[in-house]
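Subject: Structure handover

Hello,

Please find the structure below. My notes on it come after.

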Amino acid sequence: MEGARSNEKTYLVWSIFNTFCCCFPLGVAAIIYSCRADTANSLGDGTKARESSRTARNLNIAAVVIGIICLIIIIVSYMVPK
């Protein structure tokens with residue numbers, strides 16, 4: 001059905017959060033794919049919306065993992081006696 005709106009998640013809020021709180025480069029990439037998913041949803045392109053949504057989700061997961069790892073490294077470096 002051409003022109004019908006697709007309903008794939010965009011993960012835009014999560015992407016913005018990750019940009020400011022976890023991993024800036026991956027967060028920016030996730031925002032780009034979130035916007036692509038939203039555009040594809042609006043155009044009714046379900047395949048492109050699904051692909052962009054999945055990529056945005058994966059980038060967000062990677063950003064959270066990297067952010068947690070960095071936080072652990074920072075905490076451990078402060079706790080280790082010098």
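The notes cover helix 1 and the segment before it.

This is a predicted model, in which local features need pLDDT of at least 70 and side-chain atom pairs count only at pLDDT 80 or more, while totals for chains, interfaces and linings use all residues. Residues are numbered from 1 along each chain as its sequence is written, and side-chain values use heavy atoms, with hydrogens and water left out.

Helix 1 spans residues 12-21; helices here are DSSP runs (H or I, at least four residues), numbered from the N terminus. Ser15, Asn18 and Thr19 are buried in this helix, where buried means under 20% relative accessible area, exposed over 50% and partly exposed in between (1.4 Å probe, protein chains only). These three lie on the same side of helix 1, because they cover an arc of only 105° around the axis; the arc is that of the directions from the helix axis to the C-beta atoms. The buried residues of helix 1 pack against helix 2 (24-43) and helix 3 (46-79). On the face turned away from the buried side are the exposed residues Val13, Phe20 and Cys21.

Ser15 counts as buried because its relative accessibility is 0%. Neighbours within four places in sequence aside, Ser15 is in contact (heavy atoms within 4.5 Å) with Gly27, Ala30, Ile31, Ser34 and Asn60.

Tyr11 sits in the segment before helix 1. Its phi is near 60°, a positive value in a residue other than glycine. Tyr11 has 21% relative accessibility and therefore counts as partly exposed.

Regards

How values were computed. Helices (H or I, at least four residues) and strands (E, at least two) are DSSP runs, numbered from the N terminus.
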